[in-house]
Amino acid sequence: MGLAVGGVGGWLVQALPDISSNLIAAAIGGVLVWVVTNARRRLRLIRARRFWRALGGRHPLIVLGAHDFGERRRWARAGVVGMGDIGALVEIEAQLRRLGFAGRIAESKQLSPRELSSDLVLIGGPEANAVTRTMLAKLSGVISYAFVEDPEHAAAEVHDVSTGRVSAPRYDESGFPVSDYALIIRTPNPLAPDTSEIVIVAGCWEHGTAAAAEKLGDRKFLRRMKKMEHFEVLLETTVVDGAHYNVKVAETRRISAD
């Protein structure tokens, strides 16, 4: 028994340097992984904070539209909001909260004239959000994209005013969208250009709206846009079973300070 214990002790003595080296290497590896992960997270937060800094510090209104379906309104007198728009609201509110900012939520038809001239984050296109409709009309001639009606699908398409090109969602045989387009627009508030800004996240369908909101938290997107204070971005996303995937930036354009 003594020999066995002695053998184990000898083996431990001989193996101790290797064990120590492996433990040290594992610890160093763990620290490096933590440092890299933490650095990436901080860089992502810095970029996101840079994007939201001005608006976030002024506590913007996050404005959501509620659809009015005419006679059907008796089942939802306050209006109906699509799940994609709700997802966009949750995403943007979460982004602001992570950065230490706070946004107030408001319904588009309930804003006062004073609130209309404040910092706004507008969720949904002109059909879904009355304030988006107002601001896009005021920005005519300033931005190069516009939503145009698609009566066949009771939806919208994105019209490139500068080229005449139309970016239209694609549909399956049943008429459900299998792709969507969306716009992200950041510009001075046309009702108070010297004191406030607006950010619009709007899709032809609500899938694009949700995709645009999520894109605002994407570090590659933020890195791409860091040199543009005001801009308009065209996005395309795939839609499968009502969910969006594979969001791509189709084009970015700077909005001139003039």
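This is a predicted model: local features need pLDDT of at least 70, side-chain atom pairs count only at pLDDT 80 or more; totals for chains, interfaces and linings use all residues.
Tutor: Residues are numbered from 1 along each chain as its sequence is written, and side-chain values use heavy atoms, with hydrogens and water left out.

Student: What makes the set of 28 residues a nonpolar core?

Tutor: A nonpolar core is a set of buried Ala, Val, Leu, Ile, Met, Phe, Trp, Tyr and Cys residues joined through side-chain atoms within 4.5 Å. Buried means under 20% relative accessible area, exposed over 50%, and partly exposed in between, with a 1.4 Å probe and protein chains only. The largest such core here has 28 residues, and Trp 52, Ile 92 and Ile 184 have the most contacts inside it. Helix α2 (residues 83-98) gives the largest share, four residues. A second, separate core has 24 residues, including Tyr 145 and Leu 234.

Student: Which residues does Trp 52 touch?

Tutor: Contact means heavy atoms within 4.5 Å. Leaving aside residues up to four places away in sequence, the partners of Trp 52 include Ile 92, Leu 96, Phe 101 and Leu 216.

Student: How do you know that β7 pairs with β9?

Tutor: Strands (E, at least two residues) and helices (H or I, at least four) are DSSP runs, numbered from the N terminus. Two strands pair if DSSP finds at least two bridges between them. Strands β7 (residues 179-188) and β9 (residues 231-240) have eight bridges in the antiparallel sense, so they meet that definition.

Student: Why are β4 and β6 called edge strands?

Tutor: The open sheet has the order β4-β5-β6 with antiparallel pairing. Both β4 (145-150) and β6 (166-167) have a single partner strand, so one side of each is left without a neighbour in the sheet.

Student: Why is helix α5 described as largely enclosed?

Tutor: Eight of the ten residues of α5 (residues 206-215) are buried, so the rest of the structure largely encloses this helix. Among those buried residues are His 207, Thr 209 and Lys 215.

Student: Is Ile 86 buried, partly exposed or exposed?

Tutor: Ile 86 has a relative accessible area of 30%, so it is partly exposed. Its place is in helix α2.
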